[in-house]
Amino acid sequence: MTLAPPPHSRTPQRTFSGSRLRALGAGIGLSTLLALTACGGAGAQSPAADGGGDPVSGGTLRFAVGSDAGCIDPQQVGSNDSIYSTRQLVDSLTDQDPETGEIVPWLAQEWEINDDATEFTFTLQEGVTFSDGTPVDSEAVAANFDRALDLGARAALIGGYLQGYEGTEIVDERTFTVTFAEPSAQFLQATSTHTLGILHPDTVAASDDARCESVIGSGPFVLESYTPNDSISLSAREGYDWGSSLWENQSEPYLDGIEFTVVPESGVRAGSLQSDQVEVIGNIAPQDEAQLQAAEAQLLARTNPGIAFGLRLNHDLEVFADEEVREAISLAINREEIVSTVYTADTPAATSILSSTTPDHADLSEHLGHDPQRAEQLIAEAGYERTDDGGWERDGEPLEFEILWFNNAATNAPTLELIQQQLAAVGIGVSLQEGQVAEWQTHLSEGTFETNWGNITRADPDILRTTYHTDLANSYRLEPSALDDLLLEQAAATDPQERAELVAQAQEHLVTEYLEIPVVDLTTVLAVRAEVHGVRFDSGSRVHLNDVWIEDAEQ
Amino acid sequence: MTQIAAPSALKPELPGTDPSEPRPEPATLQTVPGRPDRGGRERSPAQGQAGRTRRWLRRPGLLLSALFLLLVLTAAFAPGVLAPGDPYTGDSSQALQPPGTAHWFGTDHLGRDLYTRVVHGTSLSLRTALIAVVIALISGGIFGVAAGFLGGWIDQAIMRVVDVLLAIPSLLLSLALISALGFGSTNVAIAVALGSVATFARIARSQSLRVCQSTFVEASRSLGSRWHTTLRRHVLPNAAGPILALAVLEFGMAILAVSALSFLGYGAPRPAPEWGSLVSEGRNYMAAAGWLTTLPGLVIAATVLSINRLAHALGGERRRF
């Protein structure tokens, strides 16, 4: 590194001094920020907090991921493996505290929301530029939001974030107002996601495919090269000085660059880490955990917020019309066995439809137990009769369904095979149908599935509304019910207490009627070599790499 | 890949299949090159049961292959005899046990017995390969015999299409076709069959051409027999030998191709224990549980090698008629 960053960035800071908290928005106490030192769930301590000396600059971080989504546009990709790299290219208007869910300043130094959550006025930091020198101003942000809704099927997340978007009014160079047609309390959290990361106006104007090949952002790292399905190379942005208020290092990154490589086999990734060919690997498989621990790698885990992994039922189907049958499916699934057999040690079983790290998550685990006898009893109560081969039948219709699944996580197939075994044990027949990831949205919108297996990562409970409200996409073909009102009310609620109450009721409705069968909370696990410090999860269980430094890095 | 390279390496040993000989001279084909040493032994007078046993013992590779194939066939038709367990249900507390006396091939990530899964997967893999070879044999045979027997522009047209098919690597062709047809065992069979239709068509043509130009067919024609009689009585029976030997050889290749496609996830849906899917499932456990990929892989290799050995024996014996 050639430029000398401001002195404060060179020394690790355990606590946040007042001077670093540039004009924080209302409602953010120091307690919030102190909580940062204890990051994430089990084993997720920030390595920088464990000591290891003063950060040193230099070195390239080598990071092996399992897959490549074929795109590096942060607004279009949704796959964790790609977000690790694209997240570093862009800054967001806000950042979200992974512990408290609190929204804190980043590019926007302050904001105001009107009473019915339809108008959001942001004021940008001064002096922020894209990597080609163009300033990040109101017009650039407006161009991003205006264009975002035209993105194709790849950008599935953005539709929910900007739903009801009417336009962005530019007040002055650094102030603008985003307007929605209906209350959209979730939008503030949405501005903290990589999906609404701010891109250069030229990138924004390019075609969807061109954006997948190359993007310009204002983030701490700049894209050097991208070879699909092979590697992504980033270099540090010189003169970067506008990091999120949650980071320890808000100026230039310590690293000179980051090299992401795609290594599909988890065993090979683990071996690469042990033999010092890479410093960080993603998607740790449970069978590699012991080996990595023996090699003294740090295992960082954090449960992804959002909707837990589970069986999502298509309610158009006759077989799911009986609540008894839905409850029986849930009771037949032994979540503990699944978690201990297929997942890493830090992965928890689902305790609600929302995963445990989602703000306003309510623990409903008493409704998600395992009781095969009760399951069989319920099936009999629903009017099914035993067949000779141990299955169930009612009016000639067998009790069976198909699960559509996608191979976007190595744990999917073993989990589903285990669920198939567990359901077969009470006589419910299940067949597994593998689909293509690219066809996922088509299957959802056309309802061409009986059940599917999936989750959605989103650090805001509004994901319940975008997924289950019957006036929206309603991919699961729910009947209109009191649930709709609850979901609408929470979207309009600006009082956090009131919103939490409404979200808890909505979860209870979904879980106790078994409208979806949550099974396991997706947990992101990274293995990091001992000499690497400062890898930290953000609120969506993705990583920011600006704080990262490597011991004994070449200067 | 193996299934592309191997046939071209082996085929020239069969009479008249050299692709560089589109219209071979009849004279060269009447003296078929054989292996002199073995041919001499083969022609020695039969000495009854004892002689036959000695002949088998003199070829331990063939004996071993035959015994192994017998096991494979048993597994295909009566898997319960070799592995009475349930291939679909596991005990998750027994997950990833290494091979031992309790589990000969170890257990997989869900605690299912791998040996049971391999045995029960045999019929799936063999059936798919068999369907593929039968489709390729029948369609390739019809096209080849038609080309060789009818000649003229029909021959030209069929053989140019065959040339085009041969120009595309067979696995690539299978992949393209299966993307169009969709997943599943039957579709895998059709895709693999298309990959080897051209090979069958070529050898069927060269064989029927050889027979058509021989004197006894000429004699039969000059006696006034109808074309279908000539075809049925003379051409087909005399052309069948090498084609059937090729079919056995191609069966081994088809097992490889089917396994390759199910390894890539195009085969029967999970948890069906197709051999290729078993290898693919084990890939993520390579460092922690190498047997999950090694043992099913060895079974595939052993089966294909045994079939190749058998095909060689069949081809060799045919030559000496």
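Helices here are DSSP runs of H or I with at least four residues, and strands are runs of E with at least two. The structure on screen is a predicted model.

Start by selecting chain B and colouring it by secondary structure. Chain B holds 14 helices and zero strands. Followed from the N terminus, its elements read α-α-α-α-α-α-α-α-α-α-α-α-α-α.

Chain B has 321 residues, and 43% of them count as buried. Among its contacts between residues at least 6 apart in sequence, 70% link residues at least 24 apart.

Next, select residues 122-311 of chain B. An unreviewed UniProt entry annotates this span as "domain: ABC transmembrane type-1". In the model the span is 84% helix and 0% strand.

Now show chain A alongside chain B and select the residues in contact. Chain B contributes 19 residues to this contact, and chain A contributes 22. On the side of chain B that touches chain A, 11 residues are nonpolar, six are polar and two are charged.

Finish in chain A with residues 165-172, which form strand β6, and residues 175-180, which form strand β7. How do these two strands of chain A run? They are antiparallel, and six bridges join them. Two residues sit between β6(A) and β7(A), and the two strands form a hairpin. To see one bridge pair, select A:Gly167 and then A:Thr179, its bridge partner in β7(A).

Notes
Residues are numbered from 1 along each chain as its sequence is written. Chains are lettered from A and ligands numbered from 1 in the order in which they are written. This is a predicted model: local features need pLDDT of at least 70, side-chain atom pairs count only at pLDDT 80 or more; totals for chains, interfaces and linings use all residues. Two strands pair if DSSP finds at least two bridges between them. A residue is buried if 20 or more other C-beta atoms lie within 10 Å of its own, exposed if 12 or fewer, and partly exposed in between; C-beta atoms are placed from the backbone. Two residues are in contact if their C-beta atoms, placed from the backbone, lie within 7 Å. UniProt positions are given in the numbering used here, feature names are shortened, and annotations may be inferred rather than shown by experiment. Ala, Val, Leu, Ile, Met, Phe, Trp, Tyr, Cys and Pro count as nonpolar, Asp, Glu, Lys and Arg as charged, and the others, Gly among them, as polar.
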